[in-house]
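Biologist: I've got a new model open and I'd like to learn how to read it. Can you walk me through it?

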Amino acid sequence: AKMWILKKHFEGFPKESNFELREEVLPELQDGDVLVEAIYFSVDPYMRSLSKMWQKEGDVQYGTQLAKVLKSKDPAFPEGCYVVADCGWRTHTVTKAKGSAGPILTRIVSEWPSDIPMSLALGSLGMPGLTALYGLEEVCKIQPGETVLVSAAAGAVGAMVGQICKIKGCKVVGSAGGDDKVVYLKELGFDQAFNYKTVPSLEEALKKASPEGYDCYFENVGGPFFTAALKNMKPGGRIAVCGAIATYNDTAPQMCPYPHHEIITRQLMVEGFMARRWRHKDEESVKRLLKWMKEGKLKTKEVVTVGFENMPTAFMKMLKGDGLGKAIVKV
Ligand code: NDP
């Protein structure tokens, strides 16, 4: 088996030298074990933001893969079935289905249609799609007719946020870091979209896109964008704090203008969340997303990097915003 090790903790933007490629001989299977082979890997922002919290130097880089069960001594995961596996950046793994911190293997829902690529189990029909759904339904509790703002809107989570908003009868405004991304957002049905890198003023761009303000903000970036969004919220607005990618590579904290005044005077609800809070709903939620996709209400794009040896490159490209869609690696 090949694996990528986190050799050195990240300082600033990740570099190739933070990782090391190694090989190991796998152990024999014991009762309850399965051997899985990775087909696709997901590269996600949390691998940067939670790195120091979740792993130490010398660990296999954590992460999720879509894998096939090659050998099994666990009747719940027979040979030939497909799983989403939290095995880290490893081509082959011998593991039990459940670890001390929760499930390691999750079977792909049995209703998975043959014409929908299984790699989407790592994107629109997996963790990022579920994050969008839970942030909107459980945190913001969006209602038809409301106006929702989402940042990093052309990414894995953001593109799903926008499309779910349209399914639910909301108006949606998205920001992204490229003119091609803005065109894509319009194709997805966003009512308004703008390139946050080229507008003269974020606050004005947000005002122009929705002069009446925003009922909800799906926050993915943090930094100055958050402050600009606060200043455009309607009284009683709700903010789902999902991520802060603009800050993940900082070596010193960004000084943001004092946000409390806006939160207090506009009486905003600001709630941080992790999608795993609703893990018990995942199976039912994936079926719902699948149904919407079959009905043509959800579209998706993937940025596919080929080759396990290119995992760090794909990860860094995703953090930079290179490419349009969910970043994955095909082994
Ligand atoms: P994306 O597919 O959106 O990829 C990351 C994107 O972030 C890039 O494409 C880039 O798009 C944008 N970006 C990079 N740097 C900056 C910056 N300085 N300012 C603004 N945008 C930037 O990733 P995901 O959809 O997977 O994740 C989106 C957010 O959701 C992240 O913050 C992530 O941490 C969070 N998240 C949280 C979860 C939870 O449970 N709370 C679960 C999953 C994700 P662009 O070209 O537009 O700048």
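Biologist: Among contacts in the protein between residues at least 6 apart in sequence, what percentage join residues at least 24 apart?

Modeller: Two residues are in contact if their C-beta atoms, placed from the backbone, lie within 7 Å. Here 65% of those contacts join residues at least 24 apart. Before going on, note that this is a predicted model: local features need pLDDT of at least 70, side-chain atom pairs count only at pLDDT 80 or more, and totals for chains, interfaces and linings use all residues. Residues are numbered from 1 along each chain as its sequence is written.

Biologist: How many helices and strands does the protein have?

Modeller: Both are DSSP runs numbered from the N terminus: helices are H or I with at least four residues, strands are E with at least two. This protein has ten helices and 17 strands.

Biologist: What percentage of the residues are buried?

Modeller: Buried means 20 or more other C-beta atoms within 10 Å of a residue's own, exposed means 12 or fewer, and partly exposed is in between; C-beta atoms are placed from the backbone. Of the 331 residues, 41% are buried. Take Q61, in the loop between α2 (51-54) and β4 (65-72). Q61 counts as buried because 23 other C-beta atoms lie within 10 Å. Leaving out residues up to four places away in sequence, Q61 touches W4, I5, L6, F19, G88 and W89.

Biologist: Which residues touch the most other members of the largest nonpolar core?

Modeller: A nonpolar core is a set of buried Ala, Val, Leu, Ile, Met, Phe, Trp, Tyr and Cys residues joined through C-beta atoms within 7 Å. The largest has 91 residues, and V148 and F218 touch the most other members. α3 gives the most to this core, with eight residues. Beyond neighbours within four places in sequence, the contacts of F218 include V148, L136 and V161.
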